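Please load the model in a viewer and keep the selection panel at hand.

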Amino acid sequence: MFIRTPHVRRLGSAAAVLAAVAVTTLFAAPARAAGDGYVRLAHLSPDTPAVDVYLRSTTNEIKPQTFKGVAYGAMSDYLRLPTGTYQVAMRKAGAPASTKPVLTTQVGVATGGAYTVAGVGRFADLGLRVLTDDLKLPDPGKSKVRIIQASVKAPVLDVAGKNGNTIADGVPFATTTAYREVNPGKWSVQVVPTGGGKTSVLPCTLGAGSVYSLVVLDDKAGGLKPQLHVDAERQGSVPLGGVATGDGGTQPGSPMPMALLLASLAAAVTGGLVVLLRRRLRAA
Amino acid sequence: MADRADAAADYVAVGVASVPGALSWHRRPASARVRVAPVEAARVEVAVRIRAPAPGKPREEPDHPVRDKGLWRRAALPVVAAALAAFVVGTTYVAVANRADRPATDPDLGRWAATGAVAEGAGNAGRAAGDPFAGAGVAVPGEPTRIRIKTIGLDSPLETLHVVEGALQPPKRFDRAGWYADGTVPGDTGPAVIAGHVDSKAGPAIFYRLRELVPGDKVEVQRGGSVVTFTVTRTAWYPKNAFPTDAVYGPTPDRQLRLITCGGVFNHALRSYRDNLVVYAVAG
């Protein structure tokens, strides 16, 4: 009750130091394990022959990996990688790893980030591009979809549902649209060159809460070949808030009722004693 | 106030000293009487001085001037003493109770007593050695029926959980975990959810030791005739009123699992824990 202020202050700073130590030790350990992101690789250059793709970490987080014979239209699954910087290199299929790569690029992987590293454009001006994939949950009851335009035969194209719901208009070759929220369910996606041409139809089902990339490729027959890739997926409705999974049986019972009882007893006894003593004192 | 406290101390001191001695205060030794005398004398003097301007008023009980003062003044001393006693007893009890609840060596430490090295290489670090361009996902038939986590000695059949009024319902039984059956099936692409109670009113429940999981631990989910293995990537505590819906229920590019239970401060009034513990795991 009558602690002097300097003591209180000292106690306060000691508590602050303790708290800081506790926070550092608590969060230092899992921080290393928490850092993961996703990278996938794609070949989206129509007139470029198959390539070998090399992936290595600049800080040796993973063993170097090689994917042989990746041809036009191929898109890998996501690779889960520790955060850090990675180098992606492409060599002509079958070329020795010692030769100079045709293309290289770097991709910085952040925690929870997702990236598509794609060879895009015509062979003459081929480039490796890093697309950032936004896999966050769409608004309730919506799906997210974007267009990756890799068709040189239809340099600009429109994408819409059969019922006329536009997904994207006037998408130029070698570009990627932003994700757009659409209604989930059965779609009959129609891809048509802007200004007219042969329409290609892709029947598909979009799930609520899931994220998609629609890749438009050149078909060998001269038409368009739309492909739907699942970027991230989930099922069912999204529960709100946490889960009530405990009844407190392993927690100590609240000390408050007993403390209050004892306190009131002590108050009654002390008060009574004081009154009694004083009365007797006066009586004397 | 300080004077009053001193006076109280005097009374108490005198009372304590005299109790073992004579039963009667009238025949008290003179030495004890002397200690009280100055206080009494001062009071008498004050009373006389106040009364002096009204000599016409008949004097009543000149030997007991205290009786003339306000009720609150007479009650003040016992009330203050009672409050003091109540405070001291109450806080002491709470302090002692809390200390007793948290012994220096927690028998519930379990495996924490000897923490091993954190395993790495979750996710498809292993699968990447295969061909991520193959595309075909691993299709596992059947519903999940059982969860096993060897490192914490957990083996439980699974009940089905559903969303009621927006919130995910906890398992009905305390000795059994449950999977969110309207959401992603454990082993499919997406965030599958398995929840379990940390305790019942009686004591520890099925997910009591979930807090001991560390990155690298394996979680096995029986699905039909096969077993899907997940690797813990991180664990996190969240206040229920700031539950990260996106991180827990958002779409994922790979097959993931979240184990959810309660923890943190237990609110006795609401019979509810403040926090949720979420263990993130990824297939492989």
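Which domains does the domain assignment of chain A give? The assignment, automatic or taken from a database, gives domain 1 (33-133) and domain 2 (136-235). The model is a predicted one, in which local features need pLDDT of at least 70 and side-chain atom pairs count only at pLDDT 80 or more, while totals for chains, interfaces and linings use all residues. Residues are numbered from 1 along each chain as its sequence is written, and chains are lettered from A and ligands numbered from 1 in the order in which they are written.

**Chain A and its domains**

Select chain A and colour it by secondary structure. Chain A has 2 helices and 17 strands; helices (H or I, at least four residues) and strands (E, at least two) are DSSP runs, numbered from the N terminus. Of its 284 residues, 36% are buried, meaning that 20 or more other C-beta atoms, placed from the backbone, lie within 10 Å of the residue's own.

Next, colour the two domains of chain A separately. Their C-alpha centres are 23 Å apart. At the boundary, 9 residues of domain 1 are in contact with 10 residues of domain 2, a contact being a pair of C-beta atoms, placed from the backbone, within 7 Å. The domain 1 side of this boundary has 5 nonpolar, 2 polar and 2 charged residues. Here Ala, Val, Leu, Ile, Met, Phe, Trp, Tyr, Cys and Pro count as nonpolar, Asp, Glu, Lys and Arg as charged, and the others, Gly among them, as polar.

**An open sheet**

Now display strands S4, S1, S7 and S8 of chain A. In that order they form an open sheet of 4 strands with mixed pairing; two strands pair if DSSP finds at least two bridges between them. S4 and S8 (127-132) are the edge strands, each pairing on one side only. Neighbouring strands are turned by 30° against each other on average, direction ignored; the axes are lines fitted to C-alpha atoms, and angles between N-to-C directions run from 0 to 180 degrees.

Zoom in on S7 (residues 114-120) and S8 of chain A, which run antiparallel and are joined by 6 bridges. Ala118(A) stands opposite Arg129(A) there.

**The nonpolar cores**

Select Val39(A), Val53(A), Val88(A), Val117(A), Val159(A), Leu214(A) and Val216(A). Within the largest nonpolar core, of 51 residues, these touch the most other members. Such a core is a set of buried Ala, Val, Leu, Ile, Met, Phe, Trp, Tyr and Cys residues joined through C-beta atoms within 7 Å. Strand S16 (residues 211-218) of chain A supplies the largest share of this core, 6 residues, and both domains of chain A contribute at least three residues each. A second, separate core of 45 residues includes Leu154(B), Ala177(B), Phe207(B) and Leu257(B).

Return to Val88(A). Leaving aside residues up to four places away in sequence, Val88(A) touches Leu41(A), Val53(A), Leu55(A), Thr104(A), Thr105(A), Val107(A), Val117(A) and Leu128(A).

**Chain B and the interface**

Show chain B, which has 4 helices and 10 strands. From the N terminus on, its elements run α-α-α-β-β-β-β-β-β-β-β-α-β-β. Buried residues make up 32% of its 284 residues.

Finally, display both chains: 66 residues of chain A are in contact with 78 residues of chain B. On the chain A side, elements that each supply at least two residues include helix H1 (5-34), strand S17 (224-232) and helix H2 (256-283). H2(A) gives the most, with 18 residues. By class, this side has 36 nonpolar, 19 polar and 11 charged residues.

Notes
A residue is buried if 20 or more other C-beta atoms lie within 10 Å of its own, exposed if 12 or fewer, and partly exposed in between; C-beta atoms are placed from the backbone. Two residues are in contact if their C-beta atoms, placed from the backbone, lie within 7 Å.
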